[in-house]
Amino acid sequence: MYTFLKDESGAVSTDWTVLTAALVGLGLASASMVRGGVSSTTDEIDETLRGMSVFRAFDTIYSSTDFTNGDRGDWIGGVVTEIPGFGEVLALSSQSNMAALPIDIGDDHPYAQVEFDLIFGDSWDGEQGEVSLNGTTLLVGTHAWREGEPDIRIVEGPNNTNIQLTRTSVDSGAQGSSGWRANNTDYTYRVQVTAENGSDLVLEAATTLNQGTHDEFLGIDNVDVGGVNQQ
C-alpha cells in the first residue's frame, strides 16, 4: 500500500488534462474577444474586393470626362449637377431623362471601349434606368430604395459587344444634404462596354424617374473612352 501511494506514474495524465482544459478555455475566451474585429475586417475586405476593377486596360485613351466645372465633354442631354459625396455628375431624372455620347476613336483600333460609373442615387421607387448602344439595350436596372440593391440585368447587345459590370460603392453620398434623404443608400457600378469600332457609335442612357434631380437621379461619372485591339 505504501509503495502504491508513493507511485507517481500516471500523474502526468491528470496534469495534461487540466492544462489542456485551461488552453481550450483560453482559446474560447480569445475567440469571443476578436470575433467582432474579424467580422468587421472581413466586411471591409469583401467591399474592397468588390470594388477592384478586373477590366482590361485601354490600349489608347482618347478622352476622359468627370464633369468637373460643368465640363460635359461630348455628352448631349442630362444635367451636370453638384451632388454631395459625389461631386459633379451627369444626372438623369424627370428634369432630363436621357443622355447620349457619340463615340469616335478613328480607325486606329478595331474595338471601341467606354468605361463609366453608373449611380443609382436616392429615393427610387421601382423606376428603371438603362444603358444602350445605337438604340440596342445593353443593361436594365430597376431600383426601389426600400428593397436594397438595384436589380440589374445585362442584355445581350449587338454582335461582338461585351458588357461588364462591377459594383464599386454602397453608401449614402447625398446623405444629410438639402433635398436628399439621409436614410437612402446609393449604389455605384463601374460599367465597361466594348464594341466593334465603326462610324456613328452612340452610347445612350435613360431613366423613367418621375422626380427631379434634387430627389432622385441616375448618375454618370468618370467616363473614359478608348480603343483596344481585342475584346
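The lining of the largest cavity is made up, by class, of 8 nonpolar residues, with no polar and no charged ones (Ala, Val, Leu, Ile, Met, Phe, Trp, Tyr, Cys and Pro count as nonpolar, Asp, Glu, Lys and Arg as charged, and the others, Gly among them, as polar). The model is a predicted one, in which local features need pLDDT of at least 70 and side-chain atom pairs count only at pLDDT 80 or more, while totals for chains, interfaces and linings use all residues. Residues are numbered from 1 along each chain as its sequence is written, and side-chain values use heavy atoms, with hydrogens and water left out.

The lining residues are I103, A112, V114, L133, V193, A195, L201 and L203. At least two of the lining residues come from each of β6 (111-122), β11 (186-196) and β12 (201-207). The volume of this cavity is about 40 Å³, and a search of the whole structure finds 1 cavity of 30 Å³ or more.

On the surface, L19, L23 and L26 form a nonpolar patch with about 300 Å² of accessible area together (patches are made of residues with over 30% relative accessible area and no salt bridge, nonpolar side chains being joined within 5 Å). Of these, L23 is found in helix α2 (residues 11-51).

Strand β13 (residues 216-228) holds F217. F217 counts as buried because its relative accessibility is 0% (buried means under 20% relative accessible area, with a 1.4 Å probe and protein chains only). Between F217 and G129 lie 9.5 Å in space, C-alpha to C-alpha, although the two are 88 residues apart in sequence.

Terms used: On a 1 Å grid over the protein atoms alone, a cavity is a set of points where a 1.4 Å probe fits but cannot get out, and a pocket is an open set with protein on both sides within 12 Å along at least five of seven lines; lining residues have an atom within 4 Å of a point. Grid points are joined across faces, edges and corners, and a volume is the space filled by probe spheres set on the points. Helices (H or I, at least four residues) and strands (E, at least two) are DSSP runs, numbered from the N terminus. Patches are made of residues with over 30% relative accessible area and no salt bridge: like charges are joined within 9 Å, nonpolar side chains (Val, Leu, Ile, Met, Phe, Trp, Tyr) within 5 Å. Accessible areas come from the Shrake-Rupley method with a 1.4 Å probe; for residues, only the protein chains shown count as cover. A salt bridge is a side-chain nitrogen of Lys or Arg within 4 Å of a carboxyl oxygen of Asp or Glu. Buried means under 20% relative accessible area, exposed over 50%, partly exposed in between (1.4 Å probe, protein chains only).
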